[in-house]
Amino acid sequence: MLSRWCASVEAAAHVFVSTDALAGAGAGDGDLIEISGDDGRHLSRVRRIRVGEVISVADGEGLWRVTEVASVTNSSVLLSPTTEVHLEPVATPRLTVAFAPAKGDQPESVVASLTELGVDVIIPVITKRTVLRWTGDRAEKAGERLRRVARSASEQSRRARLPEVMDPQPLARLAGSSGLVVASRDGGSVESLKEPGPSGWILLIGPEGGLEAEETASLGEVESLCVGPHILRSATAPIAAAGMLWSRRF
């Protein structure tokens with residue numbers, strides 16, 4: 001199976017299907033992949049996909065292939081595979097980003113940007129200074145909404161692997177985690193960070209105003225990363241810090 005980035009292929013759109021649908025349709029054997037439901041209506045009515053256009057399809061776990069539009073209706077699209085199934089590479093070390101969400105649409109924009117950057121796991125964390133108080137049913141609904149955002153961003157950026165987006169978690173859940181790195185103006189350079197273990201880096205970005213002293217102490221012994229000398233907005237810091245760590249991945 002060829003290892004290749006899905007985004008390396010030019011395509012009019014990118015869509016996710018089940019692994020069975022992706023692997024069960026063989027290029028050249030007459031099998032077709034049907035895209036129906038919301039995805040089918042979006043491709044047909046919003047994107048106005050036409051017969052003959054190229055569409056990449058993926059299963060969200062790294063498998064993907066190239067297809068050509070065979071037919072279009074108002075609610076579905078039939079795709080004919082034109083390549084074998086490929087496997088998207090895995091960037092290492094693994095990268096998790098935990099950020100304190102702010103009001104407005106900032107959590108959504110942060111999740112979308114982190115998805116585009118190739119972050120593996122995204123965790124909204126609730127700290128003492130976090131304005132949003134997502135708990136119980138509200139936390140589950142917030143998690144569902146952010147997962148939809150990540151899926152859409154994965155389609156836009158043509159990722160073959162969907163990031164794991166967790167429900168909002170209390171900061172205490174990160175205490176003692178291996179590979180934990182806290183973004184700080186007083187931190188070290190990205191080059192000075194130690195190579196993490198198998199679980200990779202967990203990059204923590206606190207809320208506006210930063211983590212309180214006792215919160216930082218409760219995390220245990222952690223490394224810190226300087227993301228610049230200025231005060232960054234809560235929607236900017238996660239993207240800037242994740243971009244810095246990407247330079248250490250391959």
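## Overall picture

The protein chain exposes about 12,200 Å², and carbon and sulfur atoms supply 50% of that area (accessible areas come from the Shrake-Rupley method with a 1.4 Å probe, and for residues only the protein chains shown count as cover). What you're looking at is a predicted model, where local features need pLDDT of at least 70, side-chain atom pairs count only at pLDDT 80 or more, and totals for chains, interfaces and linings use all residues. Residues are numbered from 1 along each chain as its sequence is written, and side-chain values use heavy atoms, with hydrogens and water left out.

Along the principal axes, the C-alpha atoms fill a box of roughly 65 × 35 × 30 Å. The chain has 6 helices and 13 strands (DSSP runs numbered from the N terminus: H or I of at least four residues for helices, E of at least two for strands). Of its 250 residues, 46% are buried (under 20% relative accessible area; exposed is over 50%, partly exposed in between, with a 1.4 Å probe and protein chains only). Take the contacts (heavy atoms within 4.5 Å) between residues at least 6 apart in sequence: 74% of them join residues at least 24 apart.

In soluble globular proteins, nonpolar side chains tend to be buried together. Here the largest nonpolar core has 30 residues, and Val97, Leu114, Leu203, Leu225 and Leu245 touch the most other members. (A nonpolar core is a set of buried Ala, Val, Leu, Ile, Met, Phe, Trp, Tyr and Cys residues joined through side-chain atoms within 4.5 Å.) Two or more residues each come from strand S7 (95-99), helix H3 (106-117), helix H4 (136-157), strand S12 (201-205) and helix H6 (237-246). H4 gives the largest share, 6 residues.

Leu203 is a handy place to start exploring. Leaving aside neighbours within four places in sequence, its contacts include Leu95, Val97, Val181, Leu225, Ala241 and Leu245. There's also a second, separate core of 15 residues, with Val15, Val17, Ile33 and Leu43 among them.

## Pockets

Rolling a probe the size of a water molecule over the atoms shows where empty space is left. The largest pocket holds about 530 Å³ of space, and of the 21 residues lining it, Ala183, Ser184, Arg185, Pro207 and Gly210 lie nearest its centre. Strand S11 (residues 180-188) gives the most to this lining, with 5 residues. By type, the lining splits into 9 nonpolar, 8 polar and 4 charged residues (Ala, Val, Leu, Ile, Met, Phe, Trp, Tyr, Cys and Pro count as nonpolar, Asp, Glu, Lys and Arg as charged, and the others, Gly among them, as polar).

The second largest pocket holds about 400 Å³. It has 22 lining residues, with Glu88, Gly118, Asp120, Arg159 and Arg161 nearest its centre. This lining divides into 10 nonpolar, 3 polar and 9 charged residues.

As for the terms, a pocket is an open set of points on a 1 Å grid over the protein atoms alone, where a 1.4 Å probe fits, with protein on both sides within 12 Å along at least five of seven lines; lining residues have an atom within 4 Å of a point. Grid points are joined across faces, edges and corners, and a volume is the space filled by probe spheres set on the points.

Most residues other than glycine have a negative phi, and most peptide bonds are trans. The bond from Thr92 to Pro93 is cis, with omega near 0°, and Pro93 sits in the loop between strand S6 (86-87) and S7.

Arg48, though not a glycine, has a positive phi of about 55°; its loop runs between helix H2 (37-46) and strand S3 (54-58). Arg48 counts as exposed, because its relative accessibility is 53%. Arg158 also isn't a glycine, and has a positive phi of about 60°. It lies in the loop between H4 and strand S9 (164-165), but at 14% relative accessibility Arg158 counts as buried.
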